Amino acid sequence: MGTYLNPGNDGFQTIRNGIYVDKTGLIDYINRTISTSSKLTCFSRPRRFGKSFAAKMLCAYYDRSCDSKTLFTGLEISKMDSFSQYLNKYDVIFLDITWFISTTTDIRHVVSDLQNNVIRELQAAFPDAADYTEPSLPRVLSDISDKTGKRFVIIIDEWDALFREAKHDDALQKEYIQLLRGLFKGGISTDRMIAAAYMTGILPIKKYGTESALTDFNEFSMTNPSKLARYVGFTQDEVQNLCQTFHMDFETMRIWYDGYAFSRVRHVYSPNSVIKALQNEEYQNYWTSSETYESLKSYISMNLDGLKDTVIAMLGGQPQKVETLYFQNDLTSLTNKNHVLTLLVHLGYLAYDQKTKAVSIPNLEVADSFRLAVQDSGWEKIGAALENSEDLLAATIRGDCRAVENALEEIHYAKSSILEYNNENSLACAITIAYYTAKRFYEIFRELPSGKGFADVVFLPHKDTDKPAILIELKYNKSADAAIQQIKDRRYTGKLSDYKGNLLLVRINYNKDSIGKKHECVMEWFQQC
């Protein structure tokens, strides 16, 4: 058992000792690729989405230096036909690229240091099988396979770390890609020495133009996880089971950490955040503690192709179309808005809907990170609105119409085309931004128009809050006073149909032709029964 060659099963044992969700079905997928033309897998996900957990699980399963049968007994893989066939049958090479970077004295030497360290362990295990004066890891592995007939399983965690940590060092990146090509694009030599390979990272494999640097890999990512979608994060059933076991409220967990959706799995949760909430018995923003918002701030501040308006629209609850195809899978080739939005999908800041090809802010936790980033990005009026949104909610419940009017006046003049009120979405967007932090207490919905004018916005309180429901009706060039009775006379369907209790009716009219203040607000309480 070594550090890089056959690292054992201690890592997976530690994972099993904590809060554990069974993701061993991924092993069966890898088993079905062994010694086939599909044996190279790259599965990229954001930080804190279980990448290292999966790598340690695979090491424990394949590593021939240990006995892992008991560790996997009772898990999903143990019930599958392939379980015994490949359990602890291979020499495993495990490379944690982030660890190599953190322990080197000079990042420019990472690729050569990595090869030297692995070659030393190979020499100790196979002393007479290769020329160990050769500095090339692919050549040494090839010699060992030729001499012994052994084939290796190679597992690389954080494969893209060099592209993130040395993003401007083209020479180092090319040296690293050449190493990977030597391992995985060696034709007959690769077929002879590698039984399977699994790489995980945040970014998909680097592109040069439209071509992948490692074309033989089957790629699964946040824009297209395909058949591996249920291994991206926790599924809804898994989170429901955890909430039941740990006596936590599932609906609150859903509001905070759900929001990633794929064609095969419509509800995917951030695993680290769910586990932290269970451990701490508290729902809060664990994302910012693990993912600094500085990176988010730097990307949205670029404002490529009017990116600011796109971000404002998403803050206002409106998904935005994106073209993901031409993203180069790095942090430097960002030349247009689509590149930045696609990068934010891979970083986990945005959810991507494969059906609509649109991105959105996934959940309350990430929404809080956007709030912090925008407030610190020089977007004065939008930042101020987000910062003051909780106070505005309190003022609304107190019946302070002037506070509502003043808040919307400020947002309307935020120098964003999305807030110019050219259509019903613009005013609804302004409302959602003005009440941005209300997401902590409410689920916010857009209702279809039920008469002339703009759409309605419904605030339904979470069951653990004592705040009232709020219906905000938006009108354009109408009288606010004249409409309250119209609201009361309606029998609302949709999200309000099952609500019983105090309902605050808020009528907001935007008068385009008025001189001075253009927003007018009228409120009244109503008992929904």
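Predicted model: local features only at pLDDT ≥ 70, side-chain atom pairs only at ≥ 80, totals over all residues.

Reply: Start with helix H8, residues 137-148, and helix H10, residues 170-184: their axes come within 8 Å and cross at roughly 15°. Angles under 35 degrees count as roughly parallel, so H8 runs roughly parallel to H10. As for handedness, the crossing in which H8 passes H10 is right-handed.

Now for the side that H8 turns to its partner. Leu-137, Pro-138 and Leu-141 are the H8 residues in this contact, and they meet Leu-179, Gly-182 and Leu-183 of H10. Sorted by type, the residues of the contact come out as 5 nonpolar and 1 polar, with no charged ones.

On to the cysteines. The structure has 0 disulfides. Take Cys-59: its closest cysteine sulfur belongs to Cys-66 and sits 9.2 Å away, so the gap is too far for a bond. Cys-59 is also buried, with a relative accessible area of 3%.

Cys-401 is another one to check. The cut-off explains why: a pair of cysteine sulfur atoms has to be within 2.5 Å to count. Cys-401 is buried as well, at a relative accessible area of 19%, and the limit for that label is under 20%.

Notes:
Residues numbered from 1 in each chain as written. Heavy atoms only, no water. Axes fitted to C-alpha atoms, helices over the stretch in contact; angles between N-to-C directions. Helix = DSSP H or I, 4+ residues; strand = E, 2+ residues; numbered from the N terminus. Parallel < 35°, antiparallel > 145°, perpendicular 65-115°, else oblique. Left-handed = near helix turned anticlockwise from the far one by under 90°. Contact = heavy atoms within 4.5 Å. Nonpolar A, V, L, I, M, F, W, Y, C, P; charged D, E, K, R; others polar. Buried < 20%, exposed > 50% of the residue type's maximum accessible area, 1.4 Å probe, protein only.
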